[in-house]
Amino acid sequence: MKKFLKIFLEINIIANMVMVLFSCENSLDKVKEFIDTDTINGVLAYNVVFTRSDSGFVQAKLMAPVMHSMEGDSAILEFPKGFVAYLYEKDTIPTSKIRGDYGIRYDKEELMFAKDSVVVENLETKETLYSETLYWNQKTKKIYTRNSVKITSPDKIIYGDSLIANEGFTQRVIHGMRATLEIEDEE
């Protein structure tokens, strides 16, 4: 009886293998197409660091705990857990910093949108911009928002309805400026 079960088991295994080999309808090319990275719609990555450089000089560095990349006609990079970007001017020391709790970059347009607790800091002048949304056009090297803004510096606080500035936050136009409060040093 043991010999019969052993033979029956071996025949069953061989029959299953033959059935699997000959029952597959997909050709090898179809299988390769399925696993090709060009056909994968999205990639999820953790603890990413992007560096943009020109002529050997770092221009920007973006870091995010989570990045979701979606390819296609309108490729995007999404940063659902927030991001921090440092901007450089032909130096190894960053001149400004942009961060937000959520970000999305539209590849074709080279446009980044940030929302929720957006902060832009000029690290040289110690000025800081606060807003709920911000667009960063990497082609024109401009940042802008249609939302209210608060700008703090060591000696004043400025409130406005919207803003357009260079990405280094050194030149700016504030629309609908509502208040400028001078801060006095206590000595």
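How many bridges join strand β6 (residues 102–106) to β7? I looked and found five, with the two strands running antiparallel. I took strands as DSSP runs of E, at least two residues long, numbered from the N terminus. Two strands pair if DSSP finds at least two bridges between them.

Note on the model: it is predicted, so I kept in mind that local features need pLDDT of at least 70, side-chain atom pairs count only at pLDDT 80 or more, and totals for chains, interfaces and linings use all residues. Residues are numbered from 1 along each chain as its sequence is written, and side-chain values use heavy atoms, leaving out hydrogens and water.

**Entry: partners of β7.** I checked Tyr-102 and saw that it stands opposite Lys-115 in β7. I then followed Lys-115 to β8, where its bridge partner is Thr-133. β7 and β8 (residues 127–137) pair antiparallel over ten bridges. Strand β5 (residues 96–100) is joined to β7 by four bridges, also antiparallel. There, Ser-96 has Asn-122 as its bridge partner.

**Entry: hairpins.** The β6 and β7 hairpin has four residues between the strands, and Glu-110 takes a positive phi near 50°. The β7 and β8 hairpin also has four, and there Lys-126 takes a positive phi near 65°.

**Entry: Ser-153.** I found Ser-153 in the loop between β10 (149–152) and β11 (156–160). Ser-153 is buried, at 12% relative accessible area.

Definitions and conventions. Buried < 20%, exposed > 50% of the residue type's maximum accessible area, 1.4 Å probe, protein only.
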